[in-house]
Amino acid sequence: MKADKVVRSTCPFCGVGCQLLLSVRDERIFRVEAPFDAAPNFGRLCVKGRFGADFVVHPSRLTAPLIRRERQQPGKRTAATGPDDWREATWDEALDVVAERLLDLCARYGPDSITANACAKATNEDNYLLQKFLRQIIGTNNIDHCARLCHAGSVSGLQLAIGSSAMSNSIAEMEHLECFIVIGSNTAETHPVIATFLKQAVHQNGATLIVVDPRQTEMTRHADLWLRHQPGTDTALFNAMAHVIVKEDLYNRAFVAARTEGFSQYVESLEDKTPEWAEAITGVPADDIRRAARSYATAGAAAMYWGMGISQSTHGTDNTLTLTNLALMCGHLGRPGTGLNPLRGQNNVQGCSDAGGLPNVYTAYQPVDDDDVRHKFEETWLAPLPGKPGLTVTEMVDGILTGQVRGWYVMGENPLMSEPNLRHAQHAVEQLEFFVAQDIFFNETNVYADVILPAASFAEKDGTFTNSDRRVQRCRAAVPSPGIARPDWEIISDLARRCVGRLGKSPSAHFTQNADHLIEQWSYAHASDVWEEMRALTPDFYGITYERLEREGGVHWPCPTPEHPGTPYLFAEEFPSGRGKFWPVDYGSDSEQPDEDYPFILSTGRVLYHWHGGTMTRVSALDAIWPECTVEMHPNDAARLGLETGDWVELSSRRGAITARLLVTGRSPEGTIFIPFHFAEAAANVLTDNRVDERAKIPDYKVCGVRIARSTAPAGRAGADTLLTDRGTIKDPVVA
Ligand code: SF4
């Protein structure tokens, strides 16, 4: 079919940030391909990027602002039971309600009574404006997003050790790796295009691959060495590798002397962490630990890549610190093909954090509690800004329950799928006084909202995304939005102007004096105007302009000047913290362990065909390929319980129960159950535990105790589920 136009954009699913060519005819996308001459994917796409874009034309898209007919009361808030619980509204009416109710809460309970979730699938510009709205107009730093739930353990560990949490090396370096370790990452399903480059490194270029994972994944098939440790025992394993490197004198003395601190104390902490000690804890043979340590330490260049298997843990920070210790002692940082690389999940989770969607920092990690930084933002934003860091997403839930938080603004996230211990989170949502959601579909969370604001999808708006390797790339409008849905940045700007209009008549002196300037400031004509404001406030982005992105396709930050080429790999000269710091880490676990009542360990993750809460992929053609939740169980466990593939089973923990179908497979080790977290009707987070890593505030999604019993097929869906999508209705799927 001949296209009316072909629009270059960026994939809306994972953090690889693949470049897409969207072929459009009659204002519909009918084909998705990849440009062969463009980083980071060079013509490659996975099944999601290629066939998953039809969610944009799904009939259940939100097309007009919605207001709940019945005013919801705190403590009695309920999920809507059908479309009639809402009425359609104009933008003027809906945004006036939102402005009035947010400002009313602010006046009655103070700015910190309001919190917001930024969105790791929205653009940098969308997120910049949401955090600006919260900080400048509302006056709180209560903004966070789902990065807290996936890589907060990586962020806190890397910040402690080297002062930077971004992936240190580029995707382009992957195929030339000499040695690399993949830890807790099912890369072939979660970051499929990155996995192709990693496999190329092994099979075409002879790289050594070590996989560390309790679960057998596609990557283990390509590994020279697979260390299959017991879930939750990562720190013991990596400490033992470090022990071997010290005892065999394989560490990089020059690097340790020139660029690190705390080495002697760290070495002392390793004395009793022998491979035999680790074997008893992890189940990995001591000799395999020695082999892995020698391969990594003696390689000319070696890199580490990890996923949520490391970070989503009560000891996520410690896990990351043990990896960082290894890289520092071997000097595998600051050169091509080395590095510490947390593979970021959502397509713009890096950018959402970079744009200030975090409670303690403005753009590019400039701290809110640094007076000079704050004054810089105050001068541009013409308002006094709060210097105290705000609440994290896990603290927001508890803040609602204690009465500190009264109002919630959720942009494009679905906390009642992604929070751990969902019943606990649902109870919190029921206590809210006001709840506004901005999204492209109904989801499990926004059916509780007072007002829903319909947003444009990635295919209907302009802006930038930043992928996992810090490459800023364009997203371009290819088709019109359905109904009167609008880009997030436009919705927030309109809301901000309405709030300024109201505050301009209030006793707040700075709003009264600056109302005209502020309204003008919030009158952005295009996403590029937002980017211009953001880069002017952000030294690391200053050299990146829309014109440059048009010309070059993408630029890696830091990029301080227009002449700067961008930075594909970090730390060539120094770490942001100056010297890299070694952190002694003791093995221990705060995770819920299996016991007599709940004898299996539950681990959660993704499958190739779906993306996170399934909001987009479950209404795409991909849902037909993997339409339901599967419970992976080892054949020995299944035989003991008399269960077979296809049986319905009830899986329960101390927090709740779900029903799903069994898949008997040796992928997960004996005693461990694995389920994907994409399926609302069997939501994994009904089961998971909400205890957190104290430093990172990330919950433990990888280890908790569950039991399993034969069940029957669940009854049909009801209540709020009737508002969610008809999973069977796929109109005009995208076909190549
Ligand atoms: Fe999209 Fe990630 Fe697949 Fe690339 S690898 S096409 S970015 S989902």
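Student: Where in the structure does Pro 558 lie?
Tutor: This is a predicted model, in which local features need pLDDT of at least 70 and side-chain atom pairs count only at pLDDT 80 or more, while totals for chains, interfaces and linings use all residues. Residues are numbered from 1 along each chain as its sequence is written, and side-chain values use heavy atoms, with hydrogens and water left out. The peptide bond that leads from Trp 557 into Pro 558 is cis, with omega near 5°. With helices (H or I, at least four residues) and strands (E, at least two) taken as DSSP runs numbered from the N terminus, Pro 558 belongs to the loop between strand 19 (554–556) and strand 20 (580–581).

Student: Which residue is joined to Pro 40 by a cis peptide bond?
Tutor: Pro 40 has its place in the loop between strand 3 (28–33) and helix 1. The cis bond, whose omega is about 0°, joins Pro 40 to Ala 39.

Student: Is Tyr 365 buried, partly exposed or exposed?
Tutor: Tyr 365 lies in the loop between helix 15 (349–354) and helix 16 (371–381), and its phi is near 70°, a positive value in a residue other than glycine. Buried means under 20% relative accessible area, exposed means over 50%, and partly exposed is in between (1.4 Å probe, protein chains only). Tyr 365 has a relative accessibility of 24%, so it counts as partly exposed.

Student: What is the relative accessible area of Arg 470?
Tutor: Arg 470 sits in the loop between strand 17 (463–466) and strand 18 (471–475). Its phi is near 70°, which is positive although the residue is not glycine. Arg 470 is classed as buried, because its relative accessible area is 0%.

Student: Which elements give two or more residues to the shell around the ligand?
Tutor: Counting a residue as near if one of its heavy atoms lies within 4 Å, the residues that surround the ligand include Cys 11, Cys 14, Cys 18, Cys 46, Lys 48, Gly 49, Pro 192 and Val 193. The elements that supply two or more residues to this shell are helix 1 (47–51) and helix 7 (192–203).

Student: How many residues of the shell around the ligand are charged?
Tutor: Ala, Val, Leu, Ile, Met, Phe, Trp, Tyr, Cys and Pro count as nonpolar, Asp, Glu, Lys and Arg as charged, and the others, Gly among them, as polar. On that basis the shell has nine nonpolar and two polar residues, and the number that are charged is one.

Student: Which elements do the buried residues of helix 19 pack against?
Tutor: In helix 19 (residues 422–430), the buried residues are Leu 422, Ala 425, Ala 428, Val 429 and Glu 430. With contact meaning heavy atoms within 4.5 Å, these residues pack against helix 17 (393–402), strand 14 (407–411), helix 18 (415–418) and strand 15 (434–439).

Student: Is the pair formed by Tyr 128 and Trp 381 stacked, tilted or edge-to-face?
Tutor: Rings of Phe, Tyr and Trp (its six-membered ring) pair if their centres lie within 6.5 Å, with planes under 30 degrees apart counted as stacked, over 60 as edge-to-face and the rest as tilted. The structure holds 21 aromatic pairs. In the one formed by Tyr 128 and Trp 381, the centres are 6.1 Å apart and the planes stand at 65°, so the pair is edge-to-face.

Student: How far from the ring centre of Phe 575 does Arg 259 lie?
Tutor: A charge sits over a ring if NZ of Lys or CZ of Arg is within 6 Å of the ring centre and within 35 degrees of the ring normal. The charged end of Arg 68 sits in this way over the ring of Trp 86, 5.5 Å from its centre. Arg 259 lies over the face of Phe 575, and its distance from the ring centre is 4.6 Å.
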